[in-house]
Amino acid sequence: MKLILLGPPGAGKGTQAQLLVDRYRIPQLSTGDMLRAAAAAGTDVGVRAKTIMDRGDLVPDDIMVEIIAERIGQPDTGNGFILDGFPRTLAQAEALDRLLEQRGVTIDAIVEIAVDEDVLMERIETRARETGGSRGDDKSTAKRLENYREKTAPVSDHYRSKGTLKRVDGMGTVDEVAASIDAHLRPLVEA
Ligand code: ADP
């Protein structure tokens, strides 16, 4: 099962991705986690990325595409993967299309978790308070949402126009959202 999970920050992507990891025994490829690991390890890319992430900005496309190209080639993705946090711009989506085509890989489903903006803002702020530290800055939160609206929302349009987007309502409980996602994926497994 090869999946792309889309949705704004605070939509519950990470939580749902974890449930999918357990259900389908496939790795979650979270670009946010990869960048944070690189930052913690103090690599050049990681150090540059940290400054950008702390501002709530997006790491440049070429870096992200390189990271993902490398990650998708690793042996643990043989049974599939869940892309979480990538693609986040139209350029990334187009680069991913090319990459997958070159490698003869097809994505089984692209799932978008939809939530309304007020609820999002609240969820992000609560999480920022709970986790504390650099993510808890209002300015970077606002920046993150603005980047989502301007740069990431077009990614959904890209897949919608290709007819491959499955949209689920992210406003329910964790279980309800998981059930909606499952309803889209089950037929693919049974097929
Ligand atoms: P959140 O869950 O808050 O949306 P993530 O953990 O997915 O955040 O990502 C954290 C940060 O890492 C993002 O705010 C962004 O700066 C950077 N990042 C992650 N994925 C990408 C990407 N595909 N393109 C550019 N920047 C990215």
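**From the ligand to the core**

Modeller: Arginine 88 is partly exposed, with a relative accessible area of 30%; a residue is called buried under 20%, exposed over 50% and partly exposed in between, using a 1.4 Å probe on protein chains only. The model is a predicted one, in which local features need pLDDT of at least 70 and side-chain atom pairs count only at pLDDT 80 or more, while totals for chains, interfaces and linings use all residues. Residues are numbered from 1 along each chain as its sequence is written, and side-chain values use heavy atoms, without hydrogens or water.

The loop between E3 and H5 carries arginine 88; helices (H or I, at least four residues) and strands (E, at least two) are DSSP runs, numbered from the N terminus. An N or O atom in the side chain of arginine 88 lies 2.9 Å from an oxygen atom of the ligand, a polar contact in the sense of a pair of N or O atoms within 3.5 Å. Arginine 36 likewise places a polar side-chain atom 2.9 Å from a ligand oxygen. In total, 17 residues surround the ligand, with Thr31, Arg36, Asp57, Gly85 and Gln92 the closest; a residue qualifies if one of its heavy atoms lies within 4 Å.

Leaving aside neighbours within four places in sequence, arginine 88 is in contact (heavy atoms within 4.5 Å) with Thr31, Leu58, Lys151, Thr152 and Val155. Methionine 64 is 24 residues away from arginine 88 in sequence, and their C-alpha atoms are 9.4 Å apart.

Behind the site, Met64 is one of the contacts of valine 59, beyond its neighbours within four places, together with Leu35, Ala49, Ile52, Met53 and Gln92. Val59 also belongs to the largest nonpolar core, of 25 residues, where it is listed with Ile4, Leu6, Ile68, Leu83, Leu96 and Tyr159 as having the most contacts inside. Such a core is a set of buried Ala, Val, Leu, Ile, Met, Phe, Trp, Tyr and Cys residues joined through side-chain atoms within 4.5 Å. At least two residues of this core come from each of E1, H2, H3, H4, E3, H5 and H7. H4 gives the most, with 5 residues. Another core, of 21 residues, lies apart from this one and includes Met1, Tyr24, Ala109 and Val168.

Notes
A polar contact is a pair of N or O atoms within 3.5 Å; within protein, one must be able to donate a hydrogen and the other to accept it, and residues adjacent in sequence count only if both atoms are side-chain atoms.
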